[in-house]
Amino acid sequence: MGPSMAVDTACSSALVAVHLAIQSIWNGESVLAIAGGVNAMLRPEATIGFSKASMLSPDGRCKTFDERANGYVRAEGAGVVVLKPLSQAIADGDPIYAVIRGSAVNQDGQTNGISVPNGLAQEAAIRDACKLAGILPEQIQYIEAHGTGTPVGDPIEANALGNAIGKNRPAGDYCTIGSVKGNIGHLESASGVAGLIKLALALKHRQIPPSLHFETPNPKIPFEELRLRVPTALEPWSNGKGPRLAGINSFGFGGTNAHVAIAEAPENARVGREKFTLNQYRPKSA
């Protein structure tokens, strides 16, 4: 029996919970972990406060990475994932959607305000997760971004993603980025698990969904220079010469960043609808 705990790092809570669950398995505390998040808007005070702070989209649409991005959209929801060592999941005949290769959590440090993230800290979290996963950042083909659709946060995150995973990519090799918040809004403390479920589904079906409400690229984001692109239609997820690799990014206004590196399930794993798994070992570089 492993630990049971509640995690509160604001909007990165669910992905931090996944990170802690992974650590519990790697450390031998647990043989199976259940991690997730829930967000319920039970009282109006928070919405009123965020509205007065001009943090919310006045038209109720999350337009991540678009020039019309004008704030985030509050939403309710819950999500849970089941995590097991890969070898055990295969032996048990479990349906497997994806393999978590590595994860990292760090702290923003000083920023210009509670709602302004630190791009350098996000870059560090991405690189640390990739190092633990035993992959190069430029090998990542898709990033499920935090992507709140705010005029300040989107450019900071996009630049962090580009600096971490785009610098060593050859010309014409772009990393695709998107955010589930355009579809369902911002689940705040549960947003990380919503993105993780979307990403696992994309890996299972080998398709990348379009980014809803993305029409005109934000001019404050140099997509070409950063080697980033946002999909506007459903696309096949081609893997080139290696496995399909992806990452999910999350951060909260408390200053805690999280990033998880994910790969497609192995060919010999039966794929179904219910469970996730993770690698059974730490890469030697960790």
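**Exercise 1. Find where A10 sits, give its phi, and decide whether A10 is buried or exposed.**

Step 1: A10 lies in the segment before α1; helices (H or I, at least four residues) and strands (E, at least two) are DSSP runs, numbered from the N terminus. Step 2: the phi of A10 is near 60 degrees, a positive value in a residue other than glycine. Step 3: relative accessibility is 17%, so A10 counts as buried (buried is under 20% relative accessible area, exposed over 50%, partly exposed in between, with a 1.4 Å probe and protein chains only).

Before going on, some bookkeeping: this is a predicted model, where local features need pLDDT of at least 70 and side-chain atom pairs count only at pLDDT 80 or more, while totals for chains, interfaces and linings use all residues. Residues are numbered from 1 along each chain as its sequence is written, and side-chain values use heavy atoms, with hydrogens and water left out.

**Exercise 2. Work out which residues and elements build the largest nonpolar core.**

Step 1: set the rule. A nonpolar core is a set of buried Ala, Val, Leu, Ile, Met, Phe, Trp, Tyr and Cys residues joined through side-chain atoms within 4.5 Å. Step 2: the largest such core has 30 residues, and V18, L83, L199, W237 and I262 touch the most other members. Step 3: the elements giving two or more residues to this core are α1 (13–26), β1 (33–39), β2 (77–83), β3 (98–107), α7 (191–205), β9 (245–251) and β10 (256–264). The largest share, 8 residues, comes from α1. Step 4: zoom in on V18, which touches A35, V81, L83, I100 and L196, leaving aside residues up to four places away in sequence (contact means heavy atoms within 4.5 Å). Step 5: apart from this core lies another, of 23 residues, including C175, I177, F223 and V230.

**Exercise 3. Check the length of α7 and say how covered α7 is.**

Step 1: the expected span of a helix is 1.5 Å times one less than its number of residues. For the 15 residues of α7 that gives 21 Å, and the end C-alpha atoms are 21 Å apart, so the two agree. Step 2: 11 of the 15 residues are buried, so α7 is largely enclosed by the rest of the structure. Among the buried ones are V193, L196, K198 and L199. Step 3: just after α7, R206 takes a positive phi of about 55 degrees.

**Exercise 4. Describe how α4 and α5 pack.**

Step 1: α5 is mostly covered, with 10 of its 13 residues buried. Step 2: α4 and α5 pack at an angle of about 40 degrees, with their axes 8 Å apart. Axes are lines fitted to C-alpha atoms, for helices over the stretch in contact, and angles run from 0 to 180 degrees between N-to-C directions. Step 3: that makes α4 oblique to α5 (under 35 degrees is roughly parallel, over 145 roughly antiparallel, 65 to 115 roughly perpendicular, the rest oblique). Step 4: the contact involves residues including I126 and R127 of α4 and L161 and A164 of α5.
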